[in-house]
Amino acid sequence: MSEQVIVLGVSGGIAAYKAAALTSMLKKKGYEIHVIMTRNATEFVSPLTFETLSGNRVSVDTFDRNFEYNVQHISLAKKADLFVVAPATANVIAKFAHGIADDMLSTTFLASRCPKLICPAMNTGMLENPATQENIETLRRRGMQFLDAESGLLACGDSGKGRLAEPEEIADLVEEMLSPKPLAGLRVLVTAGPTRESMDPVRFLSNHSTGKMGYALARQARNFGAQVTLVSGRVSLAPVRGVKMVQVLSAADMAKAVEDAFAEQDITIKAAAVADYTFAVTSEKKKKKKDGDLTLSLQRTEDILKTLGSRVRPDQVLCGFAMETQNLLENARKKLESKNADMIVANSLREKGAGFGTDTNLVTLLTRDGSEPLELMEKEEVAQVILMRCLAILKKKRGN
Ligand code: CTP
């Protein structure tokens with residue numbers, strides 16, 4: 001696939017510095033970025049910053065004589081797959097709403113036909129002014145997407161709504177907007193993170209899962225257009241925007257949340273590291289060390305994947321994970337059979353770059369038809385492959 005092209009419009013506000021971080025993030029994700037700045041924006045950040053980060057010439061003025069004679073604004077407008085304006089001041093929003101084209105940013109914006117994302121940033125009073133609100137409404141009605149400003153302390157000293165959304169959030173929405181939608185119309189359930197089994201009000205039994213793989217699956221399923229439910233144990237990751245988040249603590253909580261939602265899912269992926277054991281008795285009072293040595297009795301939790309495997313319908317896909325320290329493929333294949341899953345994602349804790357807490361993973365996908373080892377990839381990419389394989393199985397099971 002050729003690189004997707006993003007035109008990033010930067011208008012004049014202190015938040016322009018955040019657009020530099022955004023440029024760098026989007027570039028790292030592999031997009032081609034062309035930045036257009038308003039004259040006022042150049043007072044806050046130098047075009048050189050954006051040129052260095054994007055690797056492309058920054059456009060400021062329509063009549064810049066250094067440009068080739070190809071009517072720069074029209075060529076950028078034609079090239080763009082997505083037009084992002086961040087930060088968008090009250091002034092540029094007003095121009096966009098009224099079709100005013102008097103500089104490089106506003107002329108290119110008016111000429112472009114691609115999807116548009118506008119991220120406002122301004123003083124609270126300006127944002128709440130009916131003029132600005134009506135302009136935003138007008139643009140929304142015309143199909144433009146907005147990422148609302150956040151509340152907080154503003155550069156002008158006021159506290160209120162008007163702060164530019166964080167670059168991570170803008171980049172996340174950009175990815176979603178530019179992603180193909182092969183899962184449109186489907187429901188996907190993902191479980192993620194560890195479970196916690198309480199011993200007393202202070203201590204618990206858990207594992208090293210950070211939830212990264214499950215969160216990547218939920219995010220990518222959302223990007224692919226699915227309606228996503230993410231059942232998550234306690235992790236330190238930010239919730240995934242645009243998915244239904246269900247927070248749980250113990251294996252029993254997770255079992256209930258998953259089993260309640262399972263019937264309506266098309267694809268269910270169990271990436272959570274569920275505790276296999278819980279305490280036979282949870283003490284209501286804190287255990288005191290004066291009681292001396294302690295022997296704790298553990299009992300088995302429900303195997304959620306197995307329960308789902310006994311209920312899975314021919315029009316549903318069920319995918320589990322297998323985390324092993326030895327005989328990876330043999331054990332994973334046994335899990336495929338014993339849990340009646342359609343696919344098992346096998347990962348070894350022994351491999352470098354795989355397993356808990358890493359941003360990458362090294363997995364083999366096991367199905368009834370065979371096994372597919374994937375190379376070492378970012379968890380986000382692994383998630384995309386898993387989802388596409390699940391979709392292929394779903395189509396096969398449904399005969400289309
Ligand atoms: N799983 C589950 N419920 C449990 C334990 C595991 O649903 N109580 C799911 C996990 O979410 C994962 C798959 O089963 O998708 C395999 O988990 P794993 O810990 O690798 O294996 P176990 O089933 O626990 O088997 P073993 O202890 O033999 O490794």
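Ala, Val, Leu, Ile, Met, Phe, Trp, Tyr, Cys and Pro count as nonpolar; Asp, Glu, Lys and Arg count as charged; the others, Gly among them, count as polar. Keep that colour scheme ready.

This is a predicted model, in which local features need pLDDT of at least 70 and side-chain atom pairs pLDDT 80 or more, while totals for chains, interfaces and linings use all residues. Residues are numbered from 1 along each chain as its sequence is written, and side-chain values use heavy atoms, with hydrogens and water left out.

**Stop 1: the largest pocket**

Select Lys29, Glu175, Arg219, Gln220 and Glu380. Of the 37 residues lining the largest pocket, these are the closest to its centre. A pocket is an open set of points on a 1 Å grid over the protein atoms alone, with protein on both sides within 12 Å along at least five of seven lines; lining residues have an atom within 4 Å of a point. The volume here is about 1200 Å³, meaning the space filled by probe spheres set on the points, which are joined across faces, edges and corners.

Now show helices H1 (16–28), H9 (167–178), H10 (212–223) and H14 (379–398). Each gives two or more residues to this lining. H10 gives the most, with seven. Helices (H or I, at least four residues) and strands (E, at least two) are DSSP runs, numbered from the N terminus. Colour the lining by class: 13 residues are nonpolar, eight polar and 16 charged.

**Stop 2: the ligand**

Move to the second largest pocket, where the ligand sits. "Sits" means that more than half of its atoms lie within 2 Å of the pocket's grid points. Select the 16 residues around the ligand; the closest include Phe321, Lys335 and Lys339.

Which strand gives the largest share of the shell? S16 does, with four residues. S16 (317–324) and helix H12 (304–311) each supply at least two. By class, the shell has eight nonpolar, two polar and six charged residues.

Next, find the polar contacts (pairs of N or O atoms within 3.5 Å). A ligand oxygen is 2.7 Å from a polar backbone atom of Lys270. Another distance to check is 2.8 Å, from a backbone N or O atom of Leu305 to a ligand oxygen. At Asp276, a side-chain N or O atom is 2.9 Å from a ligand oxygen.

**Stop 3: two backbone details**

Select Asn327, in the loop between S16 and helix H13 (328–338). Its phi is positive, about 40°, although Asn327 is not a glycine. Finish at Ala86 and Pro87, joined by a cis peptide bond with omega about -5°. Pro87 lies in strand S3 (82–88).

Conventions: Near = heavy atom within 4 Å. Polar contact = N/O pair within 3.5 Å; in protein donor to acceptor, adjacent residues only side chain to side chain. 1 Å grid on protein atoms, 1.4 Å probe; cavity = no way out; pocket = protein on both sides within 12 Å on 5 of 7 lines; lining within 4 Å.
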